[in-house]
Structure formats: C-alpha cells, structure tokens
Amino acid sequence: MPRLPRLSHSFYQSTRKKAVGKMPDNSLLLMFANKNHPANADAYYPYVRNSYFYYLTGITEPDTALIIHRDSKGKYEELLLIPEIPEWRKVWDGEVLDKQSAREISGAKNIEYLPSLVPVLRDLVNPNTQLFYPGRLKRSETVLFPEQRAKSIFRRYFPSNRQKSVIETLNKLRLVKGEEEISMIREAIKLTGEGLELMKSRINSGKVEYELETDLLGYFRRKRSRGFAFDPIIASGANSCTLHYIQNDSKLKTGDVLLTDVGAEFGGYNADITRVYPVGKWSQRNKRVFDAVYRVITSSVKLYKPGTTIEEINREVGELVEGELLQLALINSGEISSQNENKPAYRKYFMHSAAHFLGLDVHDVGDKKTVLKPGMVLTLEPGIYIPEWQVGVRLEDDILITKDGCEVLSRGIPY
Ligand SMILES: [Mn+2]
C-alpha cells in the first residue's frame with residue numbers, strides 16, 4: 001500500500017458525535033479549515049491544516065467549512081461545505097476534493113459547495129440558537145501581509161503624504177540578473193542535474209515515487225541547498241498528465257514514463273528542470289511522444305534572444321507542437337483550419353505556457369509581454385500530455401539571455 005495513510009471515516013463520525021454530545025439543544029457549530037496564504041508570485045506558504053478541523057473531518061483542503069446543527073429535540077445534522085473547483089483545475093492538480101471523496105474521507109452525508117454557506121446558516125439559525133465558533137488559538141497575532149503593514153503605518157501616521165507602491169520598480173530590477181545571481185542559478189541547476197543522475201540510476205519497477213523524491217532531497221541538502229525550489233513533481237504513468245501532480249505516492253510500473261519536474265534551491269535562487277525517463281525500457285508509443293517533444297525543445301532554443309517576448313515564444317512553440325500532434329495523428333488539419341485563434345487545437349494536449357521567468361521565485365517577476373534583454377533568465381518547457389495513452393512528456397531547460405542570443409544553462413543535464 002504505497003498511498004499515504006489516513007484514518008477511517010468512522011473515526012471522524014465519532015469525533016463529531018462526541019462534540020455534538022456536548023452541545024445544548026438548538027445550537028450550531030461553524031468551523032473552517034485554514035486558508036492557503038500567498039507568499040510570493042504564485043507560491044504559497046507551506047499549507048498547514050487546522051488541527052481542530054482535521055480532527056472533526058479528516059479533510060486537509062483549504063477553504064472548506066463544517067456546520068453541525070443540533071435542533072431543539074436533540075437531533076443533529078452535519079454539513080460539509082467544500083470549495084467549488086472548476087473543471088480546468090483538474091488538469092493542473094489532478095484529483096481534487098469533490099463531493100464523493102469528501103464524503104468518503106469525512107463520513108459526512110451532506111456535502112455542499114461553499115457558496116451555499118450563508119443561505120444554509122440563515123435557514124438553520126433562529127434567534128435562540130446558541131452559536132459555537134472555534135476560540136482563540138494560542139498565538140493571536142493579527143496576520144498582516146508585508147505590503148499591508150507598511151501601508152497601514154503610513155496611513156495612520158502620515159495620511160497626507162503622497163504614497164505609492166514600489167513593486168513596479170523592483171520588478172524591473174529583479175528581471176535582469178547580475179553575475180552573482182546568475183552564478184547561484186548555475187549552481188542550483190548543477191545540483192539539480194547531479195541529483196537527477198543519481199535518481200535515474202535508482203528508477204525501478206516497484207519503487208514508489210516518494211522514494212525517488214527523498215533521493216533528490218538528500219542529495220540537495222548535502223550540497224548546502226535548502227532543498228527543493230518548489231514541490232517536486234515525480235509522476236509516473238498516468239500521473240505524468242497531471243500538470244501539478246505532487247502526491248508522489250504511486251508505484252512505478254515497467255513501461256511507464258517517469259516525469260520529474262524538480263529544482264534545487266541554492267543561495268535563495270532556483271532551478272526548474274523537467275526530464276522524462278522510462279521505467280525499464282521505452283514503449284514504442286511513449287518514445288514517439290518523447291521524440292516529438294525533444295524535437296520541439298531543441299528547435300525552440302533559437303527563439304531565445306534579446307527583443308522577443310514570452311508571447312512570441314508561446315506562439316512559435318505552439319506551432320511546433322501543433323506539427324508534432326499532426327504527426328502523432330492526435331489532431332487533424334480540419335481541426336486546425338477551423339480552430340478559434342484564442343484556443344488553438346493543440347491546447348488540448350499542450351495546455352500551459354512554454355516559458356516563465358526564473359530567479360528568486362520559480363515563477364519570477366515579468367510577464368508574457370516583457371521584452372527580453374541580456375541577463376534575463378527563463379525556462380523553456382514544451383510538453384504533450386495524452387491521458388488516453390497514460391503518457392505526459394514535458395522537457396524543461398533554464399536559459400540565460402545574452403547579448404547575441406542565449407545560453408542554455410541546463411545543457412549539461414542529459415535528456
Ligand atoms: Mn517551469
């Protein structure tokens with residue numbers, strides 16, 4: 001049983017039953033899971049589940065709520081409210097919490113979506129209802145994000161001074177990396193490559209993805225890295241089609257692909273590298289997909305030069321992927337000629353951007369219209385994902401823009 005352990009839903013049914021046993025008739029308890037807190041760019045603070053909420057539900061997802069209502073006759077009903085997650089997010093996050101899985105984990109019969117919270121409360125609460133909410137945690141500091149802190153001091157003590165955000169200025173500076181910054185990124189990439197070489201030699205049918213994860217982490221830490229630059233994606237078989245697969249708890253099987261999208265941190269800077277390896281031998285079909293993506297990445301490097309933009313790179317890489325999908329007979333020319341320009345046919349199998357900036361943040365400052373200049377560092381990451389074949393291939397390199405073109409910083413890491 002490689003999957004991560006969890007308690008049975010009957011345990012959570014029993015904790016709720018005990019809690020409601022302590023509540024008087026005509027009362028209601030409302031409790032929330034912890035929120036996911038943004039830290040940088042699109043990165044979040046490591047998520048910490050709320051222990052009280054977990055104790056009553058077993059649910060670890062943010063933005064989830066629990067209502068327990070005990071009526072005037074002592075009968076109680078429980079309702080779990082889960083976030084309404086749009087279908088497209090499943091492409092990135094894989095199996096997200098849905099009504100069925102929320103029911104299985106928590107043992108609660110009634111599951112609704114979070115937007116029904118207030119209507120439901122209005123329905124259940126009468127003027128005499130005793131309301132229960134979680135009390136103060138031990139540490140009760142007010143949480144203010146750094147940007148709000150400075151602003152609130154200015155507003156309070158210097159309300160009539162002119163005030164302006166400095167972020168745009170700092171973003172422009174951060175975009176162009178200095179020598180020292182680049183050498184940190186080089187080292188992060190070097191460690192990532194060495195870690196991957198070590199890991200590769202340990203790929204075996206029967207291993208679990210997290211075993212390979214610890215091989216990488218152990219190597220990075222021994223080399224003075226704080227660890228992973230971001231939650232590592234170590235995805236075998238069908239998992240390789242989930243763009244942000246991070247559970248890393250499936251068993252490797254002969255004939256699967258193993259997609260690893262990982263990076264070491266070094267000195268505060270990040271690498272972001274994707275390689276795809278076979279478990280055992282390549283199957284013919286998987287190898288065809290790999291070769292297609294390989295051709296796209298090798299012929300896209302020349303797009304990286306001063307004066308261009310990520311928007312332009314996306315357009316050209318998209319066209320190359322389109323050509324490969326035609327060859328693989330996954331799309332046909334009819335679909336291309338009738339396609340909507342904003343949602344080209346290739347998007348079905350290549351649904352993310354081909355590039356992002358890289359630096360202090362893995363998805364660093366700068367956007368798709370930023371004009372490239374020497375000193376900027378970006379990824380190049382074409383991919384083709386075919387859930388019906390249980391194979392996803394992405395290859396990703398890190399590239400420095402130079403005066404006359406670019407330098408592929410990760411060229412030493414074999415495909
Ligand atoms: Mn990336």
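How many Å separate the centres of domain 1 and domain 2, taken over C-alpha atoms? I looked this up first in the predicted model and found 36 Å.

**Entry: domains.** I noted the bounds from the domain assignment: residues 9-132 form domain 1 and residues 174-408 form domain 2. I then examined where the two meet, and recorded 8 residues of domain 1 in contact with 10 residues of domain 2. On the domain 1 side, helix H3 (residues 89-93) supplies the largest share, 3 residues. I classed the residues on that side as 4 nonpolar, 2 polar and 2 charged.

**Entry: whole chain.** I counted 12 helices and 17 strands in the chain. The C-alpha trace spans about 75 × 65 × 55 Å along its principal axes. Of the 415 residues, 34% count as buried. I also checked contacts with a separation of 6 or more, and found that 69% of them join residues 24 or more positions apart.

**Entry: nonpolar cores.** I found 70 residues in the largest nonpolar core, where Ala-188, Val-293, Leu-378, Ile-384 and Val-393 have the most contacts inside it. Helix H8 (residues 179-200) contributes 7 residues, the largest share of this core. Another core of 18 residues lies apart from it, with Leu-56, Ala-65, Ile-68 and Ala-108 among them. I note as background that nonpolar side chains tend to be buried together in soluble globular proteins.

**Entry: Ile-384.** Which residues does Ile-384 contact, leaving aside neighbours within four places in sequence? I listed Val-289, Ala-292, Val-293, Val-321, Glu-324, Leu-325, Tyr-349, Phe-350 and Val-393. Val-293 and Val-393, both in that list, are named with Ile-384 among the residues with the most contacts inside the largest core.

Key:
Residues are numbered from 1 along each chain as its sequence is written. This is a predicted model: local features need pLDDT of at least 70, side-chain atom pairs count only at pLDDT 80 or more; totals for chains, interfaces and linings use all residues. A nonpolar core is a set of buried Ala, Val, Leu, Ile, Met, Phe, Trp, Tyr and Cys residues joined through C-beta atoms within 7 Å. A residue is buried if 20 or more other C-beta atoms lie within 10 Å of its own, exposed if 12 or fewer, and partly exposed in between; C-beta atoms are placed from the backbone. Helices (H or I, at least four residues) and strands (E, at least two) are DSSP runs, numbered from the N terminus. Two residues are in contact if their C-beta atoms, placed from the backbone, lie within 7 Å. Domain bounds come from an automatic or database domain assignment. Ala, Val, Leu, Ile, Met, Phe, Trp, Tyr, Cys and Pro count as nonpolar, Asp, Glu, Lys and Arg as charged, and the others, Gly among them, as polar.
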